[in-house]
Amino acid sequence: LSSSSAASDVYKRQASDVRRPSARRKARSAADRAALRAQRAVRNAPREADDDEAAVADGVPVAQLVRMIADVYDKKAAEDEVADARGRARMALGQFVKDFLMRQYGVRSMASRSLLAITAATRRWGGEGGHARVRAFGLMSGLLTGVSWAERKTNFYLRALVELCARSGGIARVLADAKAAVPYDAARAAISALVLDRDARREMHELARTAAFVPHAAAPGAGGAAPLDGAAERGGEERVSTAGSGGGGRAERSLDASNSKRALVFVDDVALALVRAWEEGEASDESLARSALLRVFEAHDADGNGLLSFDEFVHCVHACTPRAVRLGRERLLDLYDEAIQRSAELTGAESDLIEPQAFCEVMHVHGLFERPHARFVEPAADAARAYDERRDGVGAAAAPGGHAVCLLYTSDAADEEDSV
């Protein structure tokens with residue numbers, strides 16, 4: 001019995017020694033943990049921004065970035081149509097890019113790494129003197145400078161791309177090429193659909209004619225047309241080079257009735273020129289638009305106190321908004337909240353009433369009113385009219401399977417074409 005008891009005591013002491021590490025073992029474990037924490041800190045420490053972006057951007061060629069941008073634009077245009085049809089606000093492009101990557105990868109960490117790579121590549125390929133389309137994407141989304149384009153400017157640019165590519169297979173197909181070009185006649189039709197003012201339309205048609213080119217046939221035995229050279233894009237604003245390259249030599253510059261059907265125009269040339277013309281029109285029409293909004297404001301200020309209550313605001317918005325534009329209750333509440341916040345910023349006091357300037361600014365930012373003597377279409381309003389198949393302003397059409405039908409119709413003046 002005594003021997004068995006002694007053996008049991010020895011076993012218990014050994015087991016307790018195993019369970020209770022020695023002081024030396026404790027110290028070694030603590031040192032290991034400290035070293036591990038230090039390694040993690042070094043690994044997670046932010047590196048130099050330039051080195052980090054350069055290393056990440058090296059893995060994203062410009063051709064791959066351009067294809068991704070085309071996919072983003074294509075899906076963004078489709079979701080904008082749905083949002084307009086349901087009376088919801090369109091998602092900002094910067095947020096849409098994040099959601100696009102999250103849907104693509106399904107894992108937040110992978111989507112974040114992809115966003116980092118896209119941001120670095122956009123800053124590399126879309127900087128000053130870089131690729132025009134990449135630069136426009138970076139400025140619109142805020143990835144290039146941290147400040148994004150205004151919502152209406154982004155909407156107009158995307159609408160211009162949709163119109164330019166509609167007759168050539170759509171955005172995803174046309175813009176997948178870094179040197180995307182569309183037929184000259186398609187560019188003219190897009191300009192007619194977007195530009196309402198006759199003089200402005202004539203100027204844009206002339207610009208498209210100047211930028212158009214007819215590629216020579218390739219040298220004998222080369223087969224097909226000579227490749228196009230669009231490498232001279234400057235900072236997203238200057239015109240793309242229209243020279244052909246390779247065995248075909250330079251492109252022909254003059255257009256006539258015999259070659260106009262074969263003429264091409266670089267998409268970025270026309271789209272960016274339209275945006276610049278749109279900005280000039282915005283600056284000149286701002287005072288007229290504000291005056292028109294103030295007249296509507298005063299007409300719906302029922303109690304005459306110079307402020308709008310919620311009910312007055314709703315009636316005022318519906319009076320300004322084209323009949324075909326559908327505004328759901330959620331959208332109206334969002335607009336009201338935005339106007340209330342802007343009123344508080346202007347007056348320095350919180351209230352549930354809306355100042356005239358705040359109302360004008362909110363309606364102007366979202367483009368929810370018919371502009372007097374408008375020179376260009378309003379993308380959100382025009383898209384809603386396109387959904388209104390019967391053109392009675394009371395409903396949107398839907399195709400079998402739940403896909404919305406978008407009928408892109410132009411102004412009456414669109415048929416007044418000057419001959420080539």
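**Reading contacts in a predicted model**

Guide: Aspartate 199 and arginine 202 are three residues apart in helix α11 (residues 198-211), so about one helical turn separates them. Keep in mind that this is a predicted model.

Visitor: What joins aspartate 199 and arginine 202, and how far apart are the closest N and O atoms?

Guide: Side chains of opposite charge can pair when their charged atoms come close. Here aspartate 199 and arginine 202 form a salt bridge, with the closest N and O atoms 3.4 Å apart. Aspartate 199 is partly exposed, at a relative accessible area of 48%, and arginine 202 is partly exposed as well, at 43%.

Visitor: How many salt bridges does a search of the whole structure find?

Guide: The search finds 14 salt bridges. One of them joins arginine 342 to glutamate 361, the closest N and O atoms being 2.5 Å apart. Arginine 342 belongs to helix α14 and glutamate 361 to helix α15, so this pair ties together parts that are 19 residues apart in sequence.

Visitor: Are arginine 342 and glutamate 361 buried or exposed, or in between?

Guide: Relative accessibility decides the class: under 20% is buried, over 50% is exposed, and partly exposed lies in between. Arginine 342 has 25%, so it counts as partly exposed. Glutamate 361 has 27%, so it also counts as partly exposed.

Visitor: Which class of accessibility does each partner have in the salt bridge of arginine 135 and glutamate 128?

Guide: The closest N and O atoms of arginine 135 and glutamate 128 are 2.9 Å apart. Arginine 135 is buried because its relative accessible area is 13%; glutamate 128 is exposed because its value is 70%.

Visitor: Which residues are linked in a network of salt bridges?

Guide: Lys76, Asp80, Asp84 and Arg90 are linked in such a network.

Visitor: Turning to rings, how many aromatic pairs does the search find?

Guide: Nine aromatic pairs are found in the whole structure. For tryptophan 149 and tyrosine 157, the ring centres are 5.8 Å apart and the planes meet at 90 degrees, so the pair is edge-to-face. Tryptophan 149 counts as buried because its relative accessibility is 16%, and tyrosine 157 is buried because its relative accessible area is 0%.

Guide: Phenylalanine 310 and tyrosine 336 are also edge-to-face, at 4.9 Å centre to centre and 85 degrees between the planes. That pair links distant parts of the chain, 26 residues apart: phenylalanine 310 is in helix α13 (residues 310-320) and tyrosine 336 in helix α14 (residues 329-347).

Visitor: Which residues do ring pairs link into a cluster?

Guide: The cluster consists of Phe297, Phe310, Phe313, Tyr336 and Phe359. Within it, phenylalanine 310 counts as partly exposed, at 23% relative accessibility, while tyrosine 336 counts as buried, at 12%.

Visitor: What sits over the ring of tryptophan 149?

Guide: The charged end of lysine 153 does, 4.1 Å from the ring centre.

Visitor: Which residues form a nonpolar patch on the surface?

Guide: Tyr105, Val107 and Met110 do, with about 240 Å² of accessible area together. Tyrosine 105 is in helix α5, residues 93-105. Tyrosine 105 counts as partly exposed because its relative accessibility is 35%.

Conventions: Residues numbered from 1 in each chain as written. Predicted model: local features only at pLDDT ≥ 70, side-chain atom pairs only at ≥ 80, totals over all residues. Heavy atoms only, no water. Patch = residues over 30% accessible without salt bridge, like charges linked within 9 Å, V, L, I, M, F, W, Y side chains within 5 Å. Areas by Shrake-Rupley, 256 points an atom, 1.4 Å probe, with all protein chains shown as cover. Salt bridge = Lys/Arg side-chain N within 4 Å of Asp/Glu carboxyl O. Helix = DSSP H or I, 4+ residues; strand = E, 2+ residues; numbered from the N terminus. Buried < 20%, exposed > 50% of the residue type's maximum accessible area, 1.4 Å probe, protein only. Phe/Tyr/Trp six-rings, centres within 6.5 Å; stacked < 30°, edge-to-face > 60°. Lys NZ or Arg CZ within 6 Å of the ring centre and 35° of its normal.
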